[in-house]
Amino acid sequence: MHDRVLRQMRWKHPKAYLENIASGNPVQESNEVAAADLPFEFMMNALRLADGFHPSLFEARTAQPLGLILPQLKAAATEGLLEVDPEKIAPTLKGRRFLNVLLERFLERE
């Protein structure tokens, strides 16, 4: 069972990667994703998929209710960036074209 989410960065240069992996160090940097950042992290990965995701997957992966991001989902749908229905949440063609704009809706606001 997983109890945390890690964001890892591998060595970018192929030579550095091969040298580091040979010494048992394939990860250049590793950071734990805070619980407050999980909704954005999930959306950043899930909305890259043209087919989108089933709404229940959000709660399964973030341990947070979908209602947490319902205002953002509705706003993005109103703007034509998302298709939201009981079986699927997916970026529209416009949403895929303006993915960064769409993802900004899900950034944690202070």
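**Exercise 1. Decide whether F42 is buried or exposed.**

Step 1. Take the cut-offs: buried means under 20% relative accessible area, exposed over 50%, partly exposed in between (1.4 Å probe, protein chains only).
Step 2. F42 has 10% relative accessibility, so F42 counts as buried.

Two notes on the source. This is a predicted model, in which local features need pLDDT of at least 70, side-chain atom pairs count only at pLDDT 80 or more, and totals for chains, interfaces and linings use all residues. Residues are numbered from 1 along each chain as its sequence is written, and side-chain values use heavy atoms, with hydrogens and water left out.

**Exercise 2. Find the aromatic pairs of the structure and describe their geometry.**

Step 1. Rings of Phe, Tyr and Trp (its six-membered ring) pair if their centres lie within 6.5 Å; planes under 30 degrees apart count as stacked, over 60 as edge-to-face and the rest as tilted.
Step 2. Search the whole structure. Two aromatic pairs turn up.
Step 3. Take F42 with F53. The centres are 4.9 Å apart and the planes stand at 90 degrees, an edge-to-face pair.
Step 4. Helices (H or I, at least four residues) and strands (E, at least two) are DSSP runs, numbered from the N terminus. F53 counts as buried because its relative accessibility is 5%.
Step 5. Take F42 with F58. This pair is also edge-to-face, with 5.5 Å centre to centre and 85 degrees between the planes. F58 sits in helix α3 and F42 in helix α2, so the pair ties together parts that are 16 residues apart in sequence.
Step 6. F42, F53 and F58 form one aromatic cluster.

**Exercise 3. Work out how far α2 is enclosed, and which elements its buried residues pack against.**

Step 1. Count. Seven of the nine residues of α2 are buried, so the helix is largely enclosed by the rest of the structure.
Step 2. Name them. The buried residues are L38, P39, E41, F42, M43, M44 and A46.
Step 3. Find the partners. These buried residues pack against β1 (6–10), α3, α4 (70–78) and α6 (99–104).

**Exercise 4. Trace the surroundings of W11 and N20.**

Step 1. Locate both. W11 is in the loop between β1 and α1. N20 is in helix α1 (residues 14–22).
Step 2. Classify both. W11 counts as partly exposed because its relative accessibility is 23%. N20, at 16%, counts as buried.
Step 3. List the contacts (heavy atoms within 4.5 Å). Neighbours within four places in sequence are left aside. W11 is then in contact with A16, Y17, N20, N25, P26, V27 and Q28. For N20 the list is W11, N25 and P26.
Step 4. W11 and A50 are 39 residues apart in sequence, and their C-alpha atoms are 28 Å apart in space.

**Exercise 5. Characterise A63 and R97.**

Step 1. Check the backbone of A63. Its phi is positive, about 60 degrees, although A63 is not a glycine.
Step 2. At 69% relative accessibility, A63 counts as exposed.
Step 3. Turn to R97. This residue lies in helix α5 (residues 93–97). R97 has 69% relative accessibility and counts as exposed.
Step 4. R97 and S56 are 41 residues apart along the chain, with 25 Å between their C-alpha atoms.

**Exercise 6. Describe the chain as a whole.**

Step 1. Count the elements. The chain has six helices and four strands. From the N terminus on, the order is β-α-β-α-α-α-β-β-α-α.
Step 2. Compare the radius of gyration (over C-alpha atoms) with the globule rule (2.2 Å times the number of residues to the power 0.38). The chain gives 17 Å, well over the 13 Å of the rule for 110 residues, so the chain is more spread out than a compact globule.
Step 3. Get the spans. Along its principal axes the C-alpha trace covers about 50 × 30 × 30 Å.
Step 4. Check burial. Of the 110 residues, 27% are buried.
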